[in-house]
Protein chains: 2
Amino acid sequence: MPYEGCGLHNRGVVIFMTSKTQISRGTLLEAMAKDIQAGVFTPGTWLKQIDLENRYGATRMEVRRALDQLSSKRLVRHVPNRGYHVHALDDRQADEIREVRIVLETAAADTIVQNATAADRQELRALAQRFSDLVLTGTLLEQYEANVAFHIRLLKLCSNQELVNLALDIRGRGPSAPATQWKTRARIEQSGREHFLMIEAIEAGDAPALRSILTAHIRQSAEKELARIQPPQRRRG
Amino acid sequence: MPYEGCGLHNRGVVIFMTSKTQISRGTLLEAMAKDIQAGVFTPGTWLKQIDLENRYGATRMEVRRALDQLSSKRLVRHVPNRGYHVHALDDRQADEIREVRIVLETAAADTIVQNATAADRQELRALAQRFSDLVLTGTLLEQYEANVAFHIRLLKLCSNQELVNLALDIRGRGPSAPATQWKTRARIEQSGREHFLMIEAIEAGDAPALRSILTAHIRQSAEKELARIQPPQRRRG
DNA sequence: TGCAAACATTTTGGCGCCAATTCTGAAACC
DNA sequence: GGTTTCAGAATTGGCGCCAAAATGTTTGCA
């Protein structure tokens, strides 16, 4: 019974890079956060310091500092004398974080509508179009990244920089691994359509509409009835 | 021209403790955060590692780790080869953080109203009463702490634990030093009355009323017209 | 064969030392 | 008199080494 806090247990499974890409100090944190969010390290994986040194071409001290910062951001958890592992959210936490995302991003809606210029809307349309295109032709990771790009561009129209930073942090903590993001093809296409609906709401100056689209959009992937209904598996019967 | 980012410049002014209180590793962060929020270290103060070692009876490594975590929380800023200093918020950031606080705490209002039991309301009344009592008899620090205690107790009635954690984090980042919290005696007394109004709203099950009281309550100390009107000081002439 | 204890390996975490950089204060210079 | 320069002091920050803890394996025993 090695660890009680998480279900998965792929210990020490770390993907190496062929070439040690020298990563400067400030961006190591971002690189690791990105890899966690992109699903390179699945929830529950133990992050060994030596492997991280090799993967990112960083010193032990830089790795340790980045791990500490990641556990400040609640992306990884630290167990003394055991190390750091990717934080695995349970259903309740995932729901709660989703609701907080809704709170923050809808709070940003008012100033987004106020501040968006025609040029901004044009950029948003391009990003929304890129996402829709990738639904057919792209990989899951590309779709995920295009989606993130759209939402970040949208958020940055908000006047309140602190709100933007907080929303981005919370976004990074959510269960956003590409593999679990969208349940069905239909849901992806619906997401793509909603992006355009947001732009229309912005163009119409209709902040309440933007809020309601955002709310529905963020709640999208909350279709986990199947997992709930299944009874707990019995060991012998 | 030592540092461009903050107005104050009391470098190296650190208060020592007579006895080295041995502080365990997990709480060093909290102790430092509390001291910053309580105004022991004023905004802009440089936090020298040696002084912190002496003050908290910690090793250099623990101090460094705590400083890194504090800069993750945006309570201090790190300048390479210069050290760490308490983050000084400008007016804009203070306003923005206040608005984010309003967003988060009003978002918690619904479940607070739903979850509050009679016992909870009783505890809240006791804390509100303690604050009101301290307006006459207590020190500024005691008033500040009683106010924090009331707000924390209120927040913890919210079902969404992630929302609570985030609200507490943001609360810790705001300009909450006791000295700058309440402008006038009248404002303190008004704050005390608003605490009771919140409890009444909870008792009446009136979440919208709670939200509106909270909004006004948090915007309380935003009376800084005087500082704005003064022209920039001229050097000669 | 199943279980448990002891050993070997791996990994984390902390401590100390020293180089690089910055700050201070005083002397020199304009 | 005020500014600049320069050496000494102080501080930060990084690197390497080693102990403590945990994990995995093998051996011993019933």
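Student: What makes R65(A) and D68(B) a salt bridge?

Tutor: The closest N and O atoms of R65(A) and D68(B) are 3.2 Å apart. A salt bridge needs a side-chain nitrogen of Lys or Arg within 4 Å of a carboxyl oxygen of Asp or Glu, so the pair qualifies. The rule finds four salt bridges across the interface of chain B and chain A.

Tutor: A word on the source. This is a predicted model, where local features need pLDDT of at least 70 and side-chain atom pairs count only at pLDDT 80 or more, while totals for chains, interfaces and linings use all residues. Residues are numbered from 1 along each chain as its sequence is written, chains are lettered from A, and side-chain values use heavy atoms, without hydrogens and water.

Student: Which element gives the largest share of chain B's side of the contact with chain A?

Tutor: α4(B), with nine residues. Helices here are DSSP runs (H or I, at least four residues), numbered from the N terminus.

Student: Why is D206(A) called partly exposed?

Tutor: Its relative accessibility is 33%. Buried means under 20%, exposed over 50%, and partly exposed in between (1.4 Å probe, protein chains only), so D206(A) is partly exposed.

Student: Where is D206(A), and what does D206(A) touch?

Tutor: D206(A) sits in the loop between α10 (185–203) and α11 (207–218) of chain A. Leaving out residues up to four places away in sequence, D206(A) touches V113(A) and A201(A); contact means heavy atoms within 4.5 Å. V113(A) is 93 residues from D206(A) in sequence, yet their C-alpha atoms are 7.2 Å apart.

Technical notes
Helix = DSSP H or I, 4+ residues; strand = E, 2+ residues; numbered from the N terminus.
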